[in-house]
Amino acid sequence: MSAYQTPRKYANASDTAEATLGARLTRIDGPAKIRGAARYPLEYRPERMVHAVLVGSSIASGRVLDIDATAVEAAPGVLMVVTAENAPPLSKASDWLGNRPPEGTPFSPFATQVTFIGQPVAVVVAETFEQATEAARLLEVDYESGDAVAGLDDARAAPGAEAPGSNKGWGDAEAALAAAPVRIEHEYGTPREYQAPMELHGGIAAWDGDRLTIWQPSQWLDGMARTYAEWFGIPFENVRIVSPYLGGGFGSKGFCYPHDAIAPMVAKMLGRPVKLALTRPQTFELVGGRAATRQTIALGATHEGRLLSLVQRGASESSIEGTWVEAVAAATTLYYDVPNLATRQEIVRVNSVMPGAKRAPGKAPSAFGIECAIDELAHELGMDPLEIRLLNYAEEDPEARKPWSTRRLREAFEAGAGAFGWSRRNPEPRSMRDGRQLIGWGMGVGTFPVIRAASEAMVEVRADGIEVRSSTVDMGQGAYTILAQAAAEVFGLPESAVTVTLGDSRLPRAGVTGGSRMANAMVAAVHKAATAARDELVELANGDPGSPFRDLQANTLTVAAGRVGSPLGGGRDMSIGDFLAAVGRDGVEATRDTLAEHGLKPEDAYANYTTVATGLPPTAGDYSMHSWCAHFVEVRVDEDFGTVRVSRVVSAFDCGRLYNPKLAESQWKGGIMMGIGQALLEQSIIDPRNARMMNANFGDYLMPTNADIPDIEVISVGVPDPHASALGGKGVGELGIVGVAPAIANAVFHATGKRVRELPITLEKLI
Ligand code: MOS
């Protein structure tokens, strides 16, 4: 059947309009993935492709003295060994804010001065992966080893420098704390955590003259294309990145790491396509995870539970050479109406790869501090944890002093607590049990900012259906589906009439799929482009000599259910395909961006799509815009063994309008699962003697599996937020993890009477 033929369930055109954007559709890319027909970037196989295997430093700090590749070069199949010695010079690229180093600043992906274990010192290229792997073992590297800083608490760490922008607050927090009738103060810590996507990191690079193609799992094609162009000194337009599907990213595939330069470098040297996929251990060593954090939170309050002061002192890790701030105050300043607040954070340099973005950077560890602290205060005062949150409810943004665009956190409390049965909670710790299982109930609040960003999409209307194209990516969250829904809505068609092509940087540009901004930016761009294409159909209907509607006014025409019609103009009516034939066109197309809606000009487009500098923060304008949620959790703790099981989760979310509730719920549940991992399992274990991660594999870096996950009930309490985005949505993807770990820690305290302030909550901390 033609794509425009309307399935029976959509036969009524007015139902169709309601049934597309906002419908609970299953992912349209699902069948291709299930059948193995979806081709992931690292599965491409350009002709004459060879394999590269990285050799990483075996020491965390020091100097490479000598590399002997004699045995490697004699091994079967080996084509090349590249080190800092024989690597061609590259240029240093801009950072993700677009700050460009001075022309000619050199860059090498190979280290001579080493600052972390696994840092690339050489690459071995061979005809097969097995040959390259075997030969790489034969490389002899001599080092001069220096002292390494293993982590935040290492005595060898230099005093932390103040994190840029972290020293802030209002009122006189220290004085108000000193004068407060009730005070608590505790330290909370989170370990180094990893994104751990199933799909490995890496890329396949192929040159054609000075044109470079890279098949690489990526959350940001245009940003990465800029980096490659600057490294290799070629025009941006000469770089093509292909990433139609992602096997998980969670923030780890948002920008290039230095090792990404190696495949294109050796591909150029050899004149053959080169594939370099990291091994699983290398994904832990070479891709920055969430930095370890610690924070001290002091709360001052009245005996009735009104907050008077909040003082926070935090620290987080960064690498020796790069600065990443895992902002421990990201949630702290937003949650409660507190008249005096002071916060500051230090950056401690450790011998690790530069940390990076993991789902809800800053917000997740930040919420662990404030949401445990408020629970501790409630316990101190004999108050219910929900009651103390309502008493200190922030009616406006306490830091920006701006009204919330929407903040349905009260509604989330009510819906979540109601569905969970919170009112039946006995406040006394160790008051509930089931045999040898201690039962505890805890809660926690989550937040994530709305980041407004521009994007670009093309919509083409052809005789056989609608095409949507953009270089944005579907990282598994459902972009293909909601963009089909957005275009279908405009034409009054089912989503099956729409083909969506994403994940190729030759397509219209898009910014990073990160910071939970993609759905709002892209749905708006597609809707705008589709509307423009529909307008062009109407124009043709009015003005084209071949149009059967030529004598009618534009306002008597409709484009719906795949047909051009004139219900007010005598009832003439025909399919879009027949109409296009009548006017002698193959189709109409429109490319639109959402730059203007964000105060950006067309000349900003390159910076907008290749940097994160132009995204609008949540408080730009008259409102403060954030998504919100409340988690209610039940745990069961084995009294003898100290094992913790999460047995029930009910969470209520305010993410504004949902473009597809089924997919949003799936994101929320995924975030909650990741929060369960953060609370109970995930931690990078570092050997304090040599700064080596001891569990850099999926056997020892523990993450929740199906057996660890209970039934999770999620509830939407959002309403369309017209300030947050053109079509009323707020951010969805990252919010779910925020507030889960403290809800679990609070539940564990309620079950056992024991407070664990250092994640993860493992059994030895409970016994
Ligand atoms: Mo996200 S951590 O912005 O992919």
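Modeller: Phe420 and Trp441 are both buried (under 20% relative accessible area; over 50% is exposed and the range between is partly exposed, with a 1.4 Å probe and protein chains only). The model is a predicted one, in which local features need pLDDT of at least 70 and side-chain atom pairs pLDDT 80 or more, while totals for chains, interfaces and linings use all residues. Residues are numbered from 1 along each chain as its sequence is written, and side-chain values use heavy atoms, without hydrogens or water.

Two rings of Phe, Tyr or Trp (the six-membered ring of Trp) pair when their centres lie within 6.5 Å; planes under 30 degrees apart are stacked, over 60 edge-to-face, and the rest tilted. By this rule there are 24 aromatic pairs. One of them joins Tyr188 and Phe368: with centres 6.1 Å apart and planes at 85°, the pair is edge-to-face. Tyr188 belongs to strand β11 (residues 182-190) and Phe368 to helix α9 (residues 363-381), so this contact ties together parts of the chain that are 180 residues apart in sequence. Helices (H or I, at least four residues) and strands (E, at least two) are DSSP runs numbered from the N terminus. Tyr188 and Phe368 are both buried.

The pair of Phe420 and Trp441 is also edge-to-face, at 4.9 Å from centre to centre and 75° between the planes. Here too distant parts of the chain are linked: Phe420 is in helix α11 (residues 409-420) and Trp441 in strand β20 (residues 437-449), 21 residues apart. Elsewhere, ring pairs join Trp96, Phe255, Tyr257 and Trp324 into a cluster.

Moving on to helix α7 (residues 262-270), its buried residues include Ile262, Ala263, Pro264, Met265, Val266 and Ala267.

Ala196 counts as buried because its relative accessibility is 15%. Ala561 likewise has a positive phi of about 50° although it is not a glycine. The loop between β24 (558-560) and β25 (563-565) contains Ala561, and this residue counts as buried because its relative accessibility is 11%.

A further backbone feature is the peptide bond from Leu759 to Pro760, which is cis with omega near -5°. Pro760 is located in the loop between α17 (740-752) and α18 (763-766).

Glu140, by contrast, lies in strand β8 and counts as exposed because its relative accessibility is 51%.
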